[in-house]
Amino acid sequence: MLGKIIGAAAGAAAGNATSGMTGAKGAIAGTLAVAAARRMGVLGLLAAGAGGYLLKRMKDKKEQKRETLTPVEPVRAPSPQPA
């Protein structure tokens, strides 16, 4: 019971800090995360952490590639101004 309360409090704080998520949604996610962590065990938590890290790296590489491939507008010479 204490684990669920702590998970809900941590989830609520994370939900308030995350855009698009409220404290209530975070509390629910935190409570579910504690229950899932108990069922997965240590190896499951390590696998989930490694998978999340790999997904983040793939996302970062994709964003970096998108930034380097962004088209740049050509530079045009200024038109001559009549004096």
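A33 comes out as partly exposed, with a relative accessible area of 42%. The model in question is a predicted one, and A33 sits in its helix α2.

T31 is another residue of helix α2. Setting aside neighbours within four places in sequence, T31 is in contact with K4, G7 and A8. V75, on the other hand, is 44 residues from T31 in sequence and 55 Å from it in space, C-alpha to C-alpha.

Helix α1 spans residues 2–17 and helix α2 spans residues 23–68; they pack at an angle of about 135°, and their axes are 6 Å apart. Angles over 145 degrees would count as roughly antiparallel and those from 65 to 115 as roughly perpendicular, so α1 and α2 end up oblique to each other. As for handedness, the crossing of α1 and α2 is right-handed. On the α1 side, the contact is made by G3, K4, G7, A8, G11, A12, G15 and N16, while α2 brings in G23, G26, A27, G30, T31, V34 and R38. Sorted by class, this contact of α1 with α2 has 4 nonpolar, 9 polar and 2 charged residues.

Then there is the matter of charge pairing. Side chains of opposite charge can pair when their charged atoms come close. The structure holds 1 salt bridge, and the side chains that meet in it are those of K56 and D60, at 2.8 Å from N to O. Both partners belong to helix α2, and because they are 4 residues apart there, K56 and D60 are separated by about one helical turn. With a relative accessibility of 34%, D60 counts as partly exposed.

Terms used
Residues are numbered from 1 along each chain as its sequence is written. This is a predicted model: local features need pLDDT of at least 70, side-chain atom pairs count only at pLDDT 80 or more; totals for chains, interfaces and linings use all residues. Side-chain values use heavy atoms; hydrogens and water are left out. Axes are lines fitted to C-alpha atoms, for helices over the stretch in contact, and angles run from 0 to 180 degrees between N-to-C directions. Helices (H or I, at least four residues) and strands (E, at least two) are DSSP runs, numbered from the N terminus. Angles under 35 degrees count as roughly parallel, over 145 as roughly antiparallel, 65 to 115 as roughly perpendicular and the rest as oblique. A crossing is left-handed if the near helix is turned anticlockwise from the far one by less than a right angle, and right-handed if clockwise. Contact means heavy atoms within 4.5 Å. Ala, Val, Leu, Ile, Met, Phe, Trp, Tyr, Cys and Pro count as nonpolar, Asp, Glu, Lys and Arg as charged, and the others, Gly among them, as polar. A salt bridge is a side-chain nitrogen of Lys or Arg within 4 Å of a carboxyl oxygen of Asp or Glu. Buried means under 20% relative accessible area, exposed over 50%, partly exposed in between (1.4 Å probe, protein chains only).
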